[in-house]
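Dear colleague,

I am passing on the structure below, together with some notes on what was found in it. Please read the notes with the structure open beside them.

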Amino acid sequence: MKPDRPILLNPGPGTTSQAVKDAMMVDDICPRESAFGDVMMRITQDLETLTGQPDLYETALFAASGTGAVEAVFASAMTRGSKVLILTNGAYGFRMREIATRYGIPIETRFEYGQAVDPNVVDEALKVGRFTHVAMVHHETSTGMMNPFEAVCDAAHRHGATLVLDAMSSFGAYPFDVGAHPVDYLCASSNKCIQGMPGLAFVLFHRNRIDELSKGAAGLYFDIHAQWSGLKRNHQLRYTPPVQVCYAFEQALKETLAEGVPARWDRYRTNYGILREGMLGLGFRLFCAPHEESHILMAFHPDANLPRGFGHFHDHLLGRGITVYPGVIPETNTFRMGVIGDLHPDDMRRVIREVGTYLATVR
Ligand SMILES: *Cc1c(COP(=O)(O)O)cnc(C)c1O
């Protein structure tokens, strides 16, 4: 590993290993050939293995950014007589609301930006609301808050509702127990905690959803049942796959399974701890309360710590090979740092050193 390689602290596309980058340099191949079909099949198998319950889950793959996976669930599973309870405590919850609105799906929402999700509020809503689905974000990447999907999943199932989980920025690192909490739809993408290149989105769906999905989708492209059954039948996606991204994803999955989710989770938590302690030591304040922290990404209040503004801070660090990310929290001036990617404790120490040096020059 080059000591001065770029470090990406934006929450994906993250820092990738050299082997993942190299995997894209393949001979040209038509994706309709069986050798490429084998790549696709290995990808879906590895994704199902990553759930920990490969016998319970099926995969639909799309050439898309992660939002495509979330849209695919709304377009494929909620077309008739559905009513969805959407938990909106951050930007990605609000994105779900926007998707539902575009498809004309009846919804209600609970929670406000930055507010912690209280499973009792969800339970109360489900008692009276006749909801068919609950949709929520697991790690709310806009605030760095981890939402309690386990309790919400249990509440949804108690009331006969289906749980849709945007696990975009946690799947691959967070130790999901889908045996105990069988999420019905889990959405994620190639370029976050699985540490691949951007370009593939996927929906892992519980086998008990096949019936619901077979009733037809509102979208042509984002049809989970057609995409899944087509791949099973032909070992091909219906439309052009991002060929080189698939090779990189195959490699990234291999590395994820070799490291193992528990070890990856430990590595992220260790990185997070170093970054957190260093930044707090330099005087920054966290947006989340300690029990809400994701251990994957943190949002900071810059306060008086950045007298020349976030842009100046960002540009300086970028010149030193480190990418920090602006915030999105409305009315609040935050910036974000995540540990998604092929990052290690020495990288975190390098970041803290560089931030310290920067602050000494501007304060
Ligand atoms: C990254 C992310 C998405 C998808 O964003 P894209 O830009 O479409 O890849 C969705 N939800 C969450 C929680 C995310 O972190």
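On the α2 side the contact is made by F36, V39, M40, R42, I43, D46, L47, T49 and L50, and on the α9 side by V243, C246, Y247, F249, E250, L253, T256 and L257, contact meaning heavy atoms within 4.5 Å. By class, the residues of this contact divide into 12 nonpolar, 2 polar and 3 charged; Ala, Val, Leu, Ile, Met, Phe, Trp, Tyr, Cys and Pro count as nonpolar, Asp, Glu, Lys and Arg as charged, and the others, Gly among them, as polar.

Before going further, please bear in mind that this is a predicted model, in which local features need pLDDT of at least 70 and side-chain atom pairs count only at pLDDT 80 or more, whereas totals for chains, interfaces and linings use all residues. Residues are numbered from 1 along each chain as its sequence is written, and side-chain values use heavy atoms, with hydrogens and water left out. Helices (H or I, at least four residues) and strands (E, at least two) are DSSP runs, numbered from the N terminus.

Helix α2 itself covers residues 34–50, and its 17 residues reach 24 Å from the first C-alpha to the last, close to the 24 Å expected at 1.5 Å a residue, the expected span being 1.5 Å times one less than the number of residues. Among its buried residues are F36, G37, V39, M40 and M41, where buried means under 20% relative accessible area, exposed over 50%, and partly exposed in between (1.4 Å probe, protein chains only). The buried residues of α2 pack against β2 (57–63), β10 (200–206), α8 (224–234), α9 (243–259) and α10. Just after α2, G52 takes a positive phi of about 85°.

Helix α10 (residues 261–281) also meets helix α12 (residues 345–362), their axes coming within 9 Å and crossing at roughly 15°. That makes α10 roughly parallel to α12, since angles under 35 degrees count as roughly parallel, over 145 as roughly antiparallel, 65 to 115 as roughly perpendicular and the rest as oblique. The crossing of α10 and α12 is right-handed, and their contact has 8 nonpolar, 3 polar and 1 charged residues.

A cis peptide bond, with omega about -10°, joins G12 and P13, and P13 lies in the loop between β1 (7–8) and α1 (18–23). F111, in the loop between β4 (107–110) and α5 (119–129), has a positive phi of about 80° although it is not a glycine, and F111 is buried, with a relative accessible area of 10%. R130, in the loop between α5 and β5 (133–137), has a positive phi of about 50° and is likewise not a glycine, but R130 is exposed, with a relative accessible area of 75%.

Definitions and conventions:
Axes fitted to C-alpha atoms, helices over the stretch in contact; angles between N-to-C directions. Left-handed = near helix turned anticlockwise from the far one by under 90°.
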